[in-house]
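Look at the model below with the sequence beside it. The text starts from one pair of packed elements and then turns to a whole chain.

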Amino acid sequence: MLTYLARRSLAVVPVLFGVTLAVFSMLFLVPGDPVKIMLAEFVTTPDQVAQMRAQLHLDEPILKQYGRFVVNAVRGDLGTSIRSRRPVSTEIGENVGSTAQLALASMAVAVAIGVPLGLMAALARNSWFDVGSMIVALLGVSMPSFWLGLLMIVAFSLHLGWFPATGGGDLWHLVLPSVTLGMIASAIIARLTRSSMLEVLGQDYVRTARAKGLAWWGVVVRHALKNALIPVITIFGLQFGNLLAGAVIVETVFSRPGLGRLIVGGILAKDFPLVQGTVLFVATAYVLINVLVDIAYAFVDPRIRFG
Amino acid sequence: MPTERSPRFVDIVVAALLILTVACPLAPAALAQTGGTLVIGLDQEPPTLDPHASPSAVTYQIIASVTENLLYRAPDGKLVPWLAESWQSARDGRSVTFKLRRDVKFHDGTPFNAEAVKFNFDRIVDPKFKAGGARAALTTYAGSKVLDEHTVQVSFETPYAPFLNLVASGPLSIVSPKAVRETGDQVHTRPVGTGPFMVTEYVAKDHATIARNPAYTRKAPWSDRSGPAYLDSIVWKFVPEAGTRVTTLESGETQAIYQIPAQSLPRLEKNTGLRVEKTPWPGAPRIWLLNTTKPPLDDVRVRRAINYAVDKDALLATVARGIALKAFAPLTAVMLDDPALRQAYPFDAAKAGALLAEAGWQPGSDGIRTKGGQRLEIVLNAIDYGGGPEPTVLLIQSSLRDVGIDVKLKAQARPPWYEDNYRCATHGPVMFLRSIDPDGLFSLFHSSFVGGNFNWSCVKDAKLDQLLEQGRREFDPAKRRAVYLAIEKLAIEEALTVPLLDDLSVWAYRANVQGAKYNFNAYPVLSDVTIRR
């Protein structure tokens, strides 16, 4: 188990290295002179351009710039936002809680809808319920989140007046965004639970358990579902990435503070340090969460631990 | 019977009079209800609330009644006293002396005086301070001199007439020196001014709150009464998604919103529970800067033909329906309006065709004109955020096809769009410019701005340069107007641009919200706003 943990943790290093390289090169992949782009809306003097270039260390050799970027990032210094003139790490700190809240709530919604739906569809295989719920799931996967978000606002905020359409803070404001984001993830989880469940239900040990005379429902929950959920755990990790990507849109639609809004604002303002820092943070979080999922996976599935 | 009827009539009259006497003292209060919170949905979050650091209009929309200026520019364009009681520009045009009010205090209790004005302007030009639009407003600033406690003289290296209008605009509004010294970076979220509202809260990505300044006893220049604001507070919510913003107004979650998409406007205008208000923007309209150096646009006849061929009415009937007016010149009509400008280039496809033929471009087999085997092709530089180029340029494309010009759209992201403009690489972009003073044309047409922001017509014309420089020196309003009218006529004569649309600043309110006013910048000033309950 320890070797597995060590191996898994070490594998993160090259991934993170790749992430820093990708994020760093963003600045150079965008066509045009980054300093001119950042100052595009102003009437500027050459002095101001030179000053900005020096401030961003763009006058140094590229390798030195990259070294500085990595060393600073490891220290937690992600630079200073050009627009707000505050440390990027402070900006991230202020917004990460709101996005984490949204991601967790959406995940809860996704599991609460997805797992029972997939389970029931599998048990009632080929029935109208199975076909119907899988069609709904297909629609869910295909539905763009900005569209679903606007539908939610029109239905539950404008017409029914149950929930506010905008803002962050309390649980009340969390309902519509997390349901929007969770619904989409739930569709994927439902489809996966269904296929995984069908596979497990055909296994010998399920038949054995039934043959021993155990209650049907007990077999489903204790024997089959427990095993069927193992692949679903992997999907949690991967879905987390989708949730973060979805947060970019959902946070904008619902005017909710968070990392997604931070990135969008940074892109629109051509605030390179802010975008670089936030993307680096989100990518690192994504990698780490997948490592945690892998480790959790080893706990629930002994085959992996000893494999 | 009449005898029975008359006492009844008297009863009614007495009752009515009673009601009136009771109601009368209440009436003024009912007319101007104080208290309440107004929630306004904005399309974006400001980069900062510091008036001197911001490059962005949204900052001044929020703080237009928080920080005050030495002068106020009313919607009719007149300059009136505000924090300054009077002002006098020197005969050589290189300085302006302001006599300041003596009864003004900042929200933090410190007095407003000549030192404070000097501190503010010195702060803007301090190389250590990263100024926004304010820096350009103080071009050639030489310094401020405190003549006495309430008199300050602001000097420039060269005569600088635009200063009088600019000193009345948000970027040169005055903040508390004490707050800047003591709170430093907090000015970005809590600028401390002297106005009828003060910033009390800022929650990033969510909202900013401004609350009534109870100590405000003066008469704001837009108001006809003295005393503090009616509302308790105003919450500016940042709601970037247009569909969401409109819905919050309809549901009552907000009571006002800014920036209404053209497609939602008819619905809001039909809704009797809402009211839409439109104010023209000062500056340059939505305008196509024709690159005068790149063939075939180096031929003025082709540029004029394009001006005749673009169907602005079609633009107004479709993509800009209800959110813009027709543009005629490189300044919007609110900046400078003249019958001579309005007559230029009516939509006339036949005339456009004749001009093109005169320039040697004959109709070709595929409908596109040719000259010496070369097709009449023009590359329009357009911004594309991923949803396709903006609809305005698509309409230009179809308008010009009708007269035999093939417009290729170079739809690209913003950074390369700028690069192409700097290098005069295309036949020009469609852009707009917000500016409170006609001197905004300096950056648009002066030869020193080719290769920078924003002379993207790439025009180098000695006569234009001379007029633009003259406009900077001329303080007399009538003579100034004549200079800029001459510049506009020259720009039209030479067809340096295609003026397309004068954008409107569009706000929508719940019907019970009343009393919003707008300054010349088209920013709302809200101390007289009431919410009828």
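Helix 10 of chain B crosses helix 13 of chain B in a left-handed sense, meaning that the near helix is turned anticlockwise from the far one by less than a right angle (clockwise would be right-handed). Helices here are DSSP runs of H or I with at least four residues, strands are runs of E with at least two, and both are numbered from the N terminus. This is a predicted model, in which local features need pLDDT of at least 70, side-chain atom pairs count only at pLDDT 80 or more, and totals for chains, interfaces and linings use all residues. Residues are numbered from 1 along each chain as its sequence is written, and chains are lettered from A and ligands numbered from 1 in the order in which they are written.

Helix 10 covers residues 300-309 of chain B and helix 13 covers residues 349-358 of chain B; their axes lie 8 Å apart at an angle of about 165 degrees. Axes are lines fitted to C-alpha atoms, for helices over the stretch in contact, and angles run from 0 to 180 degrees between N-to-C directions. The two helices of chain B are therefore roughly antiparallel, the word used for angles over 145 degrees.

On the helix 10 side, the residues that meet helix 13 of chain B include B:R301, B:V302 and B:Y308, and the helix 13 side includes B:K351, B:L355 and B:E358. Contact requires C-beta atoms, placed from the backbone, within 7 Å.

Chain A has 14 helices and zero strands. Its C-alpha trace spans about 85 × 55 × 30 Å along the principal axes.

Notes: Angles under 35 degrees count as roughly parallel, over 145 as roughly antiparallel, 65 to 115 as roughly perpendicular and the rest as oblique. Two residues are in contact if their C-beta atoms, placed from the backbone, lie within 7 Å.
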